[in-house]
Each structure stands twice: as C-alpha cells, then as structure tokens.
Amino acid sequence: MQASDRFNINSQLEHLQAKYVGTGHADVSRFEWAVNIQRDSYASYVGHYPLLAYFAVAENESIGREKYNFMQKMLLPCGLPPEKDED
C-alpha cells in the first residue's frame, strides 16, 4: 500500500463523514452515536410503510398515531445529553 492510497482512502472517509452525519468520526461520543442510531431507526420505521403498519398492528394503534409517536421519539431518542466535564 502506497502513501497515495492511504491519502485517497482517508479523503474518501472524510468526504463520507461530512456528507452523512451518522457515519461518525473519532471524536463522536457514545451518546451521539446512540442518538444517530436511534434516529436512523425511527426514520426507517416512518419511511417504510409495511414496517410502520407492522408496529401499528403490534401496538394496537393507528398508523398515523405510530408515525406521530416515532416522529416525537426522534427529538430526544436517548434522553437528555449527559453533562460535559469542564476539565
């Protein structure tokens, strides 16, 4: 592997991280990573109608109510962020 190959791979990775926030980087905290995963999951549930219908039947709710609930859960999927240390 040559130095130019490593530079090319790193630049591609940086481009992906800039384009897609959920791909993460070295400085992403555990909380931020969990929030990204939860939001991606809820967005997938809302975006795929058969999956949304499955959740609605399983929870005995209307599809519109389930969609609304998932959208509300996207605001704070993992609760409030932890306090930052001021070291």
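**Tyr42.** I started with the contacts of Tyr42, taking contact as heavy atoms within 4.5 Å. Leaving out residues up to four places away in sequence, I found that Tyr42 touches Phe70, Lys73, Met74 and Pro77.

**Ground rules.** I am working on a predicted model, where local features need pLDDT of at least 70, side-chain atom pairs count only at pLDDT 80 or more, and totals for chains, interfaces and linings use all residues. Residues are numbered from 1 along each chain as its sequence is written, and side-chain values use heavy atoms, with hydrogens and water left out.

For burial I used relative accessible area: buried is under 20%, exposed over 50%, partly exposed in between (1.4 Å probe, protein chains only).

**Whole chain.** I counted four helices and zero strands in the protein chain. Helices (H or I, at least four residues) and strands (E, at least two) are DSSP runs, numbered from the N terminus. The pattern along the sequence reads α-α-α-α. Of the 87 residues, 13% are buried. The chain exposes about 7300 Å², with carbon and sulfur atoms supplying 55% of that area; accessible areas come from the Shrake-Rupley method with a 1.4 Å probe, and for residues only the protein chains shown count as cover. I also checked sequence range: of the contacts between residues at least 6 apart, 44% join residues at least 24 apart.

**α2 against α3.** Helix α2 covers residues 30-47 and helix α3 residues 49-58; their axes come within 5 Å and cross at roughly 95°. The axes are lines fitted to C-alpha atoms, for helices over the stretch in contact, and angles run from 0 to 180 degrees between N-to-C directions. The two helices, α2 and α3, are therefore roughly perpendicular. Angles under 35 degrees count as roughly parallel, over 145 as roughly antiparallel, 65 to 115 as roughly perpendicular and the rest as oblique. From α2, I listed Tyr45, Val46 and Gly47; they meet Tyr49, Leu51, Leu52 and Phe55 of α3. I sorted the residues of this contact into six nonpolar, one polar and no charged. Ala, Val, Leu, Ile, Met, Phe, Trp, Tyr, Cys and Pro count as nonpolar, Asp, Glu, Lys and Arg as charged, and the others, Gly among them, as polar.

**α3 against α4.** Here the angle is about 100°, and the axes lie 9 Å apart. Again, α3 and α4 are therefore roughly perpendicular to each other. Tyr49, Leu52, Ala53, Phe55 and Ala56 of α3 meet Ile63, Glu66, Lys67 and Phe70 of α4. I found seven nonpolar, no polar and two charged residues in this contact.

**Phe55.** This residue is in helix α3. Not counting residues up to four places away in sequence, Phe55 touches Tyr45, Glu66 and Phe70. Phe55 and Tyr45 are ten residues apart in sequence, and I read 8.5 Å between their C-alpha atoms.

**Two asparagines.** Asn36 is in helix α2 and counts as buried at 18% relative accessibility. Asn36 and Cys78 are 42 residues apart in sequence and 9.7 Å apart in space, C-alpha to C-alpha. Asn60 is in the loop between α3 and α4 (63-73). Asn60 has a positive phi of about 55° although it is not a glycine. Asn60 is exposed, with a relative accessible area of 71%.
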